[in-house]
Amino acid sequence: MVYYSLVVIATVMFSVQFLFNQKFQQGYGSDTKATFVFTFYKSAVATILMLFISGFKIEVTPFSFALAFVSAASGILMLYFSLKAFSVANLSVYSVFSMLGGMILPFLLGVCFYNEKLTVLKVVCCVLIVVAVLLNIQKGENGKKAIAYYLAVFILNGMNGVISKIHQSSGLPITDSTGFTLLINLISVVICAAYLLIKYKKIPVVKGKNLLYSSGYGALNGIGNLLLLIALSNLPASVQYPLVTGGVMVFSTVISVLQKEKLTKKDYISTAVSFIASVLIVF
């Protein structure tokens with residue numbers, strides 16, 4: 001149960017980090033420049049945090065570096081296509097594709113390539129989460145470009161879990177979970193810094209609350225992903241990622257209630273279904 005506890009703690013962190021992201025966007029903006037600035041600072045904080053946790057030891061193997069680079073690049077592309085999707089697509093449908101990609105791709109990888117058992121409870125759990133996510137779809141206008149952006153978001157958000165599973169299950173020499181998390185964030189810092197310097201000739205200085213929001217996000221995201229990597233060494237991907245998706249939906253709703261946001265009956269039904277799915281996947 002220790003590793004399930006790590007996943008639950010990570011889902012709470014992921015749910016809270018969205019608040020920091022939202023606050024940063026409200027204060028700094030949500031254009032391409034803001035995306036790279038936010039990613040630079042949050043990745044820098046996560047890198048520093050991982051350095052402290054590792055005792056300032058940086059372990060690098062060719063395989064871990066290659067996967068870390070792909071993970072960092074896919075994360076930045078995810079943010080890019082998210083911005084594109086927001087400009088032409090329905091936000092609720094975007095969220096559906098994002099969450100389903102984060103669950104389905106690692107699930108299929110584990111079952112199809114790592115001989116993870118496909119049980120009735122796993123199937124029921126995934127079906128319930130798909131239903132819960134689809135309940136959040138709202139009507140809205142969608143441009144023709146939206147489909148391409150949806151597919152990109154679906155694949156790129158799922159890549160995080162896929163890459164993590166491949167890394168943690170590899171028989172090749174790899175760095176530990178802390179080192180891998182450090183590499184991903186360090187590479188993100190370098191990529192974002194290079195973009196900002198080339199495009200704007202400088203790295204914008206973020207101060208005050210915006211610095212607090214980006215730092216808070218980086219700390220929660222870095223530790224959350226580290227906990228998932230540790231748990232993934234002992235839990236099947238086909239169990240962990242449905243639990244993460246369902247858990248994030250549940251805790252996000254709890255946070256919304258605490259903030260006294262207006263929620264519909266569909267929101268509560270969706271949360272209840274997600275909770276049931278999350279409980280089922282543990283057994």
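Tutor: What follows is a quick tour of this predicted model.

Student: How many residues does helix 1 have, and how far does helix 1 reach?

Tutor: Helix 1 covers residues 2-28, which makes 27 residues. The distance from its first C-alpha to its last is 39 Å.

Student: Which residues of helix 1 are buried?

Tutor: The buried set is Y4, L6, V7, A10, T11, M13, F14, S15, Q17, N21 and F24.

Student: And what do those buried residues pack against?

Tutor: They pack against helix 2, helix 8 (208-232), helix 9 (237-258) and helix 10 (265-282).

Student: Why would residues three or four places apart point the same way?

Tutor: An α-helix has 3.6 residues a turn, so residues with that spacing point the same way.

Student: What comes just after helix 1?

Tutor: G29, with a positive phi of about 115 degrees. Helix 2 is followed by a glycine too: G55, whose phi is positive, near 70 degrees.

Student: What about the span of helix 2?

Tutor: Helix 2 runs over residues 32-53, 22 residues in total. Its end C-alpha atoms are 31 Å apart. At 1.5 Å a residue the span should be 32 Å, so the two agree.

Student: Switching to aromatics. How many pairs are there?

Tutor: Eleven aromatic pairs. One of them joins F24 and F38: the ring centres are 4.8 Å apart and the planes sit at 50 degrees, so this pair is tilted.

Student: Where do those two sit?

Tutor: F24 is in helix 1 and F38 is in helix 2, so the pair ties together parts 14 residues apart in sequence.

Student: Are F24 and F38 buried or exposed?

Tutor: Both are buried. F38 also pairs with Y217. That pair is edge-to-face, 4.9 Å centre to centre with 70 degrees between the planes.

Student: How many residues apart are F38 and Y217?

Tutor: 179 residues. F38 lies in helix 2 and Y217 in helix 8, so to speak distant parts of the chain. Y217 is buried, as is F38.

Student: Which residues make up the cluster linked by ring pairs?

Tutor: F24, Y28, F38 and Y217.

Student: OK, charges now. How many salt bridges?

Tutor: The count is one. K165 bridges to E116, and the closest N and O atoms are 3.0 Å apart.

Student: What does the K165 and E116 pair tie together?

Tutor: K165 lies in helix 6 (residues 146-168). E116 is in the loop between helix 4 (91-113) and helix 5 (120-134). The pair therefore ties together parts 49 residues apart in sequence.

Student: Last stop, helix 3. Is S64 buried or exposed?

Tutor: S64 lies in helix 3 and counts as buried, at 0% relative accessibility. Leaving aside neighbours within four places in sequence, S64 is in contact with H167, I174, T175, F180 and L183.

Student: And what about F69?

Tutor: F69 is in helix 3 too, which spans residues 62-88. With a relative accessible area of 42%, F69 is partly exposed.

Conventions
Residues numbered from 1 in each chain as written. Predicted model: local features only at pLDDT ≥ 70, side-chain atom pairs only at ≥ 80, totals over all residues. Heavy atoms only, no water. Helix = DSSP H or I, 4+ residues; strand = E, 2+ residues; numbered from the N terminus. Buried < 20%, exposed > 50% of the residue type's maximum accessible area, 1.4 Å probe, protein only. Contact = heavy atoms within 4.5 Å. Expected span 1.5 Å × (residues − 1). Phe/Tyr/Trp six-rings, centres within 6.5 Å; stacked < 30°, edge-to-face > 60°. Salt bridge = Lys/Arg side-chain N within 4 Å of Asp/Glu carboxyl O.
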